[in-house]
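My entries follow in the order in which I made them.

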Amino acid sequence: MFAALSVEFRKLNRSLALLLAVVAPTLIAVFTFCNMLRGDAPQEYDMWIMSGSAIWAFFMLPMSVTALTALVANMEHGPKSWDHLRALPLPRWRIYAAKTVCVIAVVALMSVLTLLMTWAAVEIAAAVKPAVTPSGAPDMAAHAWTLVKMLAAAFLLIAVQLWMALRFQSFVPGLALGIGGTFFAVVATSARAGVFMPWQMPVNMLTDEAWRAETALAIGGAGGFVALVLMVAHLSWREVR
Amino acid sequence: MSGLAVETKALTRRFGQRAVVREVSMSVPERSVYGFLGRNGAGKTTTLKVLLGLLKPSAGSARLFGVDIAKDRLKAARKVGALMEAHGFYANLSGRENLDLTRTLLGAARSELDRVLGVVEMRENASRRVSDYSLGMRQRLGIARAMIGAPPLLVLDEPTNGLDPDGIADMRLFLRALPERTGATVLVSSHLLGEIEQTATHVGILHEGRLVVEGSLAQLKAGLAPELALDVDDFDRAGALAQARGFAVQRTPEALIARLQPRDDARAAAAALNRTLVEAGVAVFSIAHKARSLEGIYRDAAKVGA
């Protein structure tokens with residue numbers, strides 16, 4: 001399994017997927033930086049970090065997972081490397097499991113970068129415009145924990161998007177699903193049923209309503225894990241023509 | 001040759017109701033270069049995919065060195081390296097990096113990379129990105145990848161596709177020398193008869209999913225009837241006269257082809273036919289003994305299979 005994992009990570013070298021992993025958190029940081037410079041009065045430090053996490057969970061995470069899964073799957077669909085990979089003398093589930101772990105690891109990396117880059121953006125903005133220097137110190141551990149929960153709640157979203165991207169050679173079904181899912185998750189933010197949408201589960205980690213957070217974490221995390229196992233089993237078993 | 005590298009028995013593969021491979025029983029001797037021929041859509045790639053464990057047989061069986069692929073895919077897969085029509089290389093990585101991914105998955109030694117790159121003479125270009133490679137370089141890199149871990153069987157699906165004439169000639173020499181250099185058996189599919197004729201020791205011809213001819217190329221050629229190509233002033237009369245003497249005749253734009261019986265003496269038959277034509281007043285400009293080629297075998301097989 002270690003060999004398959006190592007191979008999946010090495011495939012990312014100089015890839016668009018890796019570029020996306022850096023660009024998406026950078027965009028949040030740039031937005032935070034510009035937003036701070038627009039203001040005249042200081043705000044709480046935690047507010048800025050929280051707003052970065054909120055943007056991440058609300059839009060950027062679902063959109064990034066959509067794009068990332070499409071790019072990772074296209075690394076195999078594009079050059080048609082499935083035949084080569086699946087003909088090798090190793091259990092096929094390892095190929096798909098390694099790819100899954102790789103995608104989750106990249107999303108985790110993006111979460112870390114979101115936190116660190118948002119913090120860096122706040123520091124730079126405060127240095128550029130001292131009048132907006134935030135008050136208080138950020139509780140980075142609490143923010144990191146929230147991002148960990150967001151990642152766990154995103155398992156179902158990752159499973160759905162990765163399954164779609166690996167199953168279909170065209171990137172269109174996965175992309176359409178991701179865009180549609182994110183759209184409905186945003187417009188149904190306040191709806192009670194929204195919590196059951198995979199694309200909305202991560203953002204529920206920020207809510208004050210305990211039932212929403214718990215439901216999203218349980219379905220997104222545990223349900224996502226089960227879905228990922230089913231995805232690996234299905235993709236390993238099916239024929240690729 | 002000690003045994004069979006590939007053996008299929010009544011191998012059948014259907015997609016829905018459509019049988020693409022029909023009761024194919026093929027035998028590929030060890031250390032041979034086996035040319036797997038057939039027009040596009042004949043079922044060659046599907047057969048190869050079954051041999052690689054990528055598709056399950058609908059009926060029948062396939063064995064690699066005695067190992068049933070359907071029963072023990074992993075054991076069978078350890079005995080084969082493959083180059084399929086699509087190379088499946090990651091364009092963002094170098095040639096060496098691409099090979100190293102496969103080497104890692106196979107658990108082969110690092111020294112394998114230099115060995116296989118040396119065999120295909122790609123060491124100097126191995127650090128360039130695959131996106132900068134020509135098609136010929138990708139083909140050679142694909143063969144290098146198939147050889148990682150020194151599998152005793154190489155399956156190459158249309159390895160000359162898209163190559164220029166020089167590339168095809170290089171590939172021909174390379175494939176012909178492979179069994180001696182590496183000890184491997186080579187199963188190469190192609191629709192280029194001339195290439196296979198110059199490369200293979202054995203051939204199998206697939207026509208509409210059925211294996212219609214199989215055997216060593218030398219034996220198949222020996223069993224063919226010789227042909228005479230005649231250039232005369234009156235093709236119709238000459239054809240009728242040749243037919244009257246028991247020749248099967250065929251008219252081409254350039255010549256009249258008279259086919260002899262497999263055991264006929266071509267020189268004596270040419271002299272007799274020449275005499276008949278001249279005595280009948282037909283002007284004979286030339287009579288050439290035409291050696292039968294793989295194309296002849298293929299054409300006959302296609303007719304039988306149709």
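I took a salt bridge to be a side-chain nitrogen of Lys or Arg within 4 Å of a carboxyl oxygen of Asp or Glu. This is a predicted model, in which local features need pLDDT of at least 70 and side-chain atom pairs count only at pLDDT 80 or more, while totals for chains, interfaces and linings use all residues. Residues are numbered from 1 along each chain as its sequence is written, chains are lettered from A and ligands numbered from 1 in the order in which they are written, and side-chain values use heavy atoms, with hydrogens and water left out.

Entry 1, salt bridges. I found 17 salt bridges over all chains. One of them joins A:Lys11 to A:Glu76, with the closest N and O atoms 2.6 Å apart. A:Lys11 belongs to helix α1 (residues 2-11) of chain A and A:Glu76 to helix α3 (residues 45-77) of chain A, so the pair ties together parts that are 65 residues apart in sequence. Helices here are DSSP runs (H or I, at least four residues), numbered from the N terminus. I then checked burial (buried is under 20% relative accessible area, exposed over 50%, partly exposed in between, with a 1.4 Å probe and protein chains only). A:Lys11 is buried at 1% relative accessibility, and A:Glu76 is buried at 0%. Both residues belong to a salt-bridge network that links A:Glu8, A:Lys11, A:Glu76 and A:Lys99.

Entry 2, a pair between chains. A:Asp83 and B:Lys49 form a salt bridge at 3.4 Å, N to O. The pair runs from helix α4 (residues 82-87) of chain A to helix α1 (residues 44-51) of chain B. A:Asp83 is buried at 15% relative accessibility, and B:Lys49 is buried at 12%.

How do helices α5 and α6 of chain B cross, and at what angle? The axes of α5 (residues 135-147) and α6 (residues 165-182) come within 13 Å and cross at roughly 15°. I used axes fitted to C-alpha atoms over the stretch in contact, with angles from 0 to 180 degrees between N-to-C directions. The two helices are therefore roughly parallel, a term for angles under 35 degrees. Contact (heavy atoms within 4.5 Å) is made by B:Gln139, B:Ile143 and B:Met147 of α5(B) with B:Met171, B:Phe174, B:Leu178 and B:Thr182 of α6(B).

Definitions and conventions: Angles under 35 degrees count as roughly parallel, over 145 as roughly antiparallel, 65 to 115 as roughly perpendicular and the rest as oblique.
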